[in-house]
Amino acid sequence: MLKMKDITMLRRTDARSTRVGVDVENEGHNHETETIDVYYDGQTLPFEDESFDSALSNEVLEHAPALHLSLSEIRRVLKPGGKILFTVPFVCFEHELPYDFRRLTVGGLIKELEDAGFEVMKSEKTGNYIEVVVQLWMSYWRELLYTRNKYVNMVINTICIAPFTLLGILLSLILPSKKGLYFDTLIVGRKPVNVV
């Protein structure tokens, strides 16, 4: 399991630490409630080469139309030795359509990152077979039964959803954890220090 000490290495090393939120503006979702500092065209990040110490991408890469170009741009703006923390979904419903392009296995994401010139330091799958199956089952019933009435939905949650949640928790505790089916891939890596 990835420990917090592995994640804290993504902090900037200088006192002028800043975070810059970047996104592509499209109709896939509403940006009104988000704090986005810079919108870009989805092709070229509007920053100089080697200007960032780290990059965080949380459930975003599945929306990149040309993944290899996006990874190349992230690598370009990272300083040598710059760290990355990326998560991508594996089992997930389609979302932000029509801008949901792919699901990657752990091996698939590692290959994409290595092909883009990154070194992968750690990888982890989140969730397990039982948790995914239970979540999918609950989501099916939620999608089938939910209404616009929040009070009816509360009753549906109590009668239909909560028992499956409790069953899932119990089964996850007593059955072996199998990772062949999982929610997300988490990767920690870096741009090599000796960049040619």
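1. Helices (H or I, at least four residues) and strands (E, at least two) are DSSP runs, numbered from the N terminus. Leu-104 counts as buried, at 14% relative accessibility. Here buried means under 20% relative accessible area, exposed over 50%, and partly exposed in between (1.4 Å probe, protein chains only).

2. This is a predicted model, in which local features need pLDDT of at least 70 and side-chain atom pairs count only at pLDDT 80 or more, while totals for chains, interfaces and linings use all residues. Residues are numbered from 1 along each chain as its sequence is written, and side-chain values use heavy atoms, with hydrogens and water left out.

3. What does Leu-104 touch, not counting residues up to four places away in sequence? Its partners are Leu-67, Val-88, Pro-89, Phe-90, Leu-109, Tyr-182 and Thr-185, where contact means heavy atoms within 4.5 Å. The C-alpha atom of Leu-104 is also 9.1 Å from that of Asp-184, although these two residues are 80 residues apart along the chain.

4. On the chain as a whole, there are five helices and six strands. Their order along the sequence is α-β-β-β-α-β-α-β-α-α-β. Of the 196 residues in the protein chain, 34% are buried. Among contacts between residues at least 6 apart in sequence, 76% join residues at least 24 apart.

5. The structure holds seven salt bridges. A salt bridge is a side-chain nitrogen of Lys or Arg within 4 Å of a carboxyl oxygen of Asp or Glu. One of them joins the side chains of Asp-49 and Arg-76, at 2.7 Å from N to O. Asp-49 is in the loop between strand S2 (38–40) and strand S3 (52–58) and Arg-76 is in helix H2 (residues 67–77), so the pair ties together parts that are 27 residues apart in sequence. Asp-49 is exposed, at 52% relative accessibility, whereas Arg-76 is partly exposed, at 22%.

6. Another salt bridge is formed by Asp-53 and Lys-79, with the closest N and O atoms 3.2 Å apart. This pair links distant parts of the chain, since Asp-53 is in strand S3 and Lys-79 in strand S4 (residues 78–89), 26 residues apart. Asp-53 is buried, with a relative accessible area of 15%, and Lys-79 is partly exposed, with 28%.

7. Arg-103 and Asp-100 also meet through their side chains in a salt bridge, at 2.6 Å from N to O. Elsewhere, salt bridges that share partners join Asp-49, Glu-73 and Arg-76 into one network.

8. Two packed helices are described by the angle between their axes and the distance between the axes. Helix H4 (residues 129–145) and helix H5 (residues 150–174) pack at an angle of about 175°, with their axes 9 Å apart. Axes are lines fitted to C-alpha atoms, for helices over the stretch in contact, and angles run from 0 to 180 degrees between N-to-C directions. H4 and H5 are therefore roughly antiparallel to each other; angles under 35 degrees count as roughly parallel, over 145 as roughly antiparallel, 65 to 115 as roughly perpendicular and the rest as oblique.

9. Which residues meet between these helices? On the H4 side they are Ile-130, Glu-131, Val-134, Trp-137, Met-138, Trp-141, Arg-142 and Leu-145, and on the H5 side Ile-156, Cys-160, Ile-161, Phe-164, Thr-165, Gly-168, Leu-171 and Ser-172. By class, the contact of H4 with H5 has 11 nonpolar, three polar and two charged residues. Ala, Val, Leu, Ile, Met, Phe, Trp, Tyr, Cys and Pro count as nonpolar, Asp, Glu, Lys and Arg as charged, and the others, Gly among them, as polar.

10. The whole structure has seven aromatic pairs. The ring centres of Trp-137 and Tyr-140 are 6.1 Å apart and the planes are at 25°, so this pair is stacked. Rings of Phe, Tyr and Trp (its six-membered ring) pair if their centres lie within 6.5 Å; planes under 30 degrees apart count as stacked, over 60 as edge-to-face and the rest as tilted. Trp-137 and Tyr-140 both lie in helix H4, three residues apart, about one turn of the helix. Trp-137, Tyr-140, Trp-141 and Phe-164 form one aromatic cluster.
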